[in-house]
Amino acid sequence: MAFVNYTTGNLAIKIVYYGPGLSGKTTNLRYIYTNMDADFRGELICLETDTERTLFFDLLPIKAGVINDFKIHLQLMTVPGQVFYESSRRSVLKGVDGIVFVADSQIPLLDANLESFDNLRKHLLDQDMDLNAIPLVFQYNKRDLENLVPVETFNSLLNPHGLPYIESCAIKGIGVFETLKQITKQAIPRVKEKITAKESRFVRRGRMKVKRKEEVEVPGVKEEIAFAAKEESAPIRMTKVKFKSQEDIEKELENLAKEFTSRGKK
Ligand SMILES: Nc1nc2c(ncn2[C@@H]2O[C@H](COP(=O)(O)OP(=O)(O)OP(=O)(O)O)[C@@H](O)[C@H]2O)c(=O)[nH]1
Ligand SMILES: [Mg+2]
């Protein structure tokens, strides 16, 4: 669930990039980082092994714009795809507001994609979340390679409900910003709904205007965001944390989520 701080006027929305190992999740975040105006994004935090595989998660905070006077922050996170990092994936999914499923389009990896998708469904169910009720976008990545799973096959196996999907080549940035736009377009109205429903139980609180019990406005949340991409890529500077205990990571994840919403008091 998104974190809202009515005193600072900040709203943090958590978007998780999920998918099998090496499908290109971290590559998406790196591309966004290097191609986004530095004023609009924070540092890229990567917790990875010596071989650059994601160990716990990657995190990229993004200021998605001020709408009216509500500041929207996106927390883009990836899970580690390697099968044995189950507990890290579970932790990262806590409180998720939107999911990008990054599939690897190479035919030999079809089963790995399906397993990862089942794994996602299972982790969400364990946390009482229904995959069908969460904003979801598919990214069929590595379309530059040969021997590819046809898009129709992916759609019939992973995406029978016809949700948005993007064919991408994340290393070249093709489809990366389009994916981000699609998921925020879905996630923002949902977050707005949830907050409205939740807060309607309370009377006047900070910046919320309560008219009648069920008629509550969350100021400044609109459905679509224009990302401030720039023409030249920035050199990548990221904070790499090599080793931490699972417990430390869990705490860090919670703090990070809260931290964004408490920044920049008005
Ligand atoms: N050819 C090609 N390679 C890609 C593409 N996207 C990512 N890669 C490469 O695939 C490899 C894995 O990419 P990552 O982004 O690290 O994969 P990941 O999903 O974060 O992997 P884990 O952290 O282990 O789960 C890297 O060598 C990338 O350069 C693509 O669109 N085309
Ligand atoms: Mg990764």
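1. Basis. The model is predicted: local features need pLDDT of at least 70, side-chain atom pairs count only at pLDDT 80 or more, and totals for chains, interfaces and linings use all residues. Residues are numbered from 1 along each chain as its sequence is written, while chains are lettered from A and ligands numbered from 1 in the order in which they are written.

2. Ligand 1. There are 21 residues around ligand 1, of which G24, T26, T27, T54 and G81 come nearest; a residue counts as near if its C-beta atom, placed from the backbone, lies within 6 Å. The shell has six nonpolar, eleven polar and four charged residues (nonpolar: Ala, Val, Leu, Ile, Met, Phe, Trp, Tyr, Cys and Pro; charged: Asp, Glu, Lys and Arg; polar: the others, Gly among them). Helix α1, residues 25-34, gives the most to this shell, with three residues. Helices (H or I, at least four residues) and strands (E, at least two) are DSSP runs, numbered from the N terminus.

3. Helix α3. The end C-alpha atoms of α3 are 25 Å apart, which agrees with the 24 Å that its 17 residues should span at 1.5 Å a residue; the expected span is 1.5 Å times one less than the number of residues. Buried in α3 are N113, S116, F117, L120, H123 and L124. Seen down the axis, these buried residues fall within an arc of 125 degrees, so they line one face of the helix; the arc is that of the directions from the helix axis to the C-beta atoms. A residue is buried with 20 or more other C-beta atoms within 10 Å of its own, exposed with 12 or fewer, and partly exposed in between, C-beta atoms being placed from the backbone.

4. Surroundings of α3. The buried residues of α3 pack against β2, α2, β6 and α4. The face turned away from the buried side carries the exposed residues D111, E115, D118, K122, L125 and D126.

5. Positive phi. Most residues other than glycine have a negative phi. Just after α3, D128 takes a positive phi of about 60 degrees; D128 counts as exposed because it has 6 C-beta neighbours inside 10 Å. L22, also not a glycine, has a positive phi of about 65 degrees and lies in the loop between β2 and α1.

6. Contacts of I32. Leaving aside neighbours within four places in sequence, I32 is in contact (C-beta atoms, placed from the backbone, within 7 Å) with L60, L76, V176 and L180.

Terms used: Two residues are in contact if their C-beta atoms, placed from the backbone, lie within 7 Å.
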